[in-house]
Amino acid sequence: MIDSGELLDWYAHAQRDLPWRRPGVSAWQILVSEFMLQQTPVARVEPIWLAWVARWPTPSATAAASAADVLRAWGKLGYPRRAKRLHECATVIATEHGDVVPEDVDTLLALPGVGTYTARAVACFAYQRRVPVVDTNVRRVVARAVHGREDAAPPSARDLDDVAALLPDDVRAPAFSVALMELGATVCTARAPRCGVCPLSRCAWRSRGFPAGTGPPRRTQRYAGTDRQVRGRLLDVLRGNAFPVTRAELDLAWTTDTAQRDRALDSLLVDGLVEQTADGRFALCGEG
Ligand code: SF4
């Protein structure tokens with residue numbers, strides 16, 4: 001088990017000062033942060049989130065923006081389908097939920113772009129619900145501290161039960177959840193856990209002498225030369241133009257592999273992030 005007192009005492013002084021954790025941040029703004037933090041590090045999210053919530057503080061303000069402006073504001077956060085889904089999510093909340101982010105997990109799960117993790121994160125962090133919140137960091141801490149393994153098993157429905165069993169049975173549960181995530185993000189990291197400063201006096205993996213994991217070796221995610229990079233380059237051209245551009249202008253964004261460029265453009269069209277005008281030019285969604 002994980003001692004909630006130890007974890008919460010540590011969190012009280014060691015937590016990072018992240019803008020979406022400050023008093024006065026709305027449920028919508030927390031939801032925006034969770035969309036952005038999926039697959040993107042805090043340092044890159046922070047400036048974009050600050051500008052975003054200053055410009056579009058509510059779901060209705062976001063919904064009133066054009067899809068293209070939302071994609072522009074998303075900037076270099078990557079995985080731009082998230083921006084489109086966030087815009088759709090804002091529209092549903094504005095039109096069907098009175099501009100108020102729902103509180104319960106099942107209603108949250110029905111929103112565009114909101115999955116198991118995000119629904120529980122919003123219910124917990126915005127509304128202080130006692131629900132398990134399980135991300136990669138939490139799964140890793142539980143695998144090590146509770147199960148004595150270096151790495152978490154592949155994600156499964158059991159993860160939620162595992163973490164639910166650890167939650168304090170009182171009002172401290174939401175703080176416990178965020179503290180567990182923080183521990184995984186800053187101390188019990190994937191590659192170099194800092195056990196010397198870990199607040200947990202009991203850790204099964206440490207007690208067993210840190211047995212090596214049996215899973216496949218960790219892969220370093222490559223970006224240079226991937227289709228993701230090409231998609232980003234193509235979107236950069238369109239973000240920088242208020243009017244549709246020709247195929248020739250777009251082609252200049254990636255000249256090393258034309259087949260890859262075609263594939264990337266096709267995928268942007270399929271995802272609805274880019275559209276083609278009647279005369280064959282290309283634009284961000286909604287600007288064609
Ligand atoms: S003692 Fe080390 S491995 Fe165990 S939870 Fe703390 S940081 Fe992670």
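Start at the ligand: by class, the shell around it has ten nonpolar, no polar and two charged residues (Ala, Val, Leu, Ile, Met, Phe, Trp, Tyr, Cys and Pro count as nonpolar, Asp, Glu, Lys and Arg as charged, and the others, Gly among them, as polar). Before you click on, note that this is a predicted model, where local features need pLDDT of at least 70 and side-chain atom pairs count only at pLDDT 80 or more, while totals for chains, interfaces and linings use all residues. Residues are numbered from 1 along each chain as its sequence is written.

Now select the shell residues, among them Val 141, Arg 144, Cys 188, Cys 195, Trp 205 and Arg 206; a residue is near the ligand if its C-beta atom, placed from the backbone, lies within 6 Å of it. Two elements give two or more residues to this shell: helix H9 (136–145) and helix H12 (204–207). H9 gives the most, with three residues. Helices here are DSSP runs (H or I, at least four residues), numbered from the N terminus.

Next, pick helix H11, residues 173–186. Is H11 mostly covered or uncovered? Covered: ten of its 14 residues are buried, meaning that 20 or more other C-beta atoms lie within 10 Å of a residue's own, with C-beta atoms placed from the backbone. Phe 176, Leu 180 and Leu 183 are among the buried ones. Show helix H1 (4–14), helix H8 (116–127) and H9 too, since the buried residues of H11 pack against them (contact: C-beta atoms, placed from the backbone, within 7 Å).

Last stop: Leu 234, which is in contact with Leu 250, Ala 253, Ala 264, Leu 265 and Leu 268, leaving aside its neighbours within four places in sequence.

Conventions
Two residues are in contact if their C-beta atoms, placed from the backbone, lie within 7 Å. The expected span of a helix is 1.5 Å times one less than its number of residues. A residue is buried if 20 or more other C-beta atoms lie within 10 Å of its own, exposed if 12 or fewer, and partly exposed in between; C-beta atoms are placed from the backbone.
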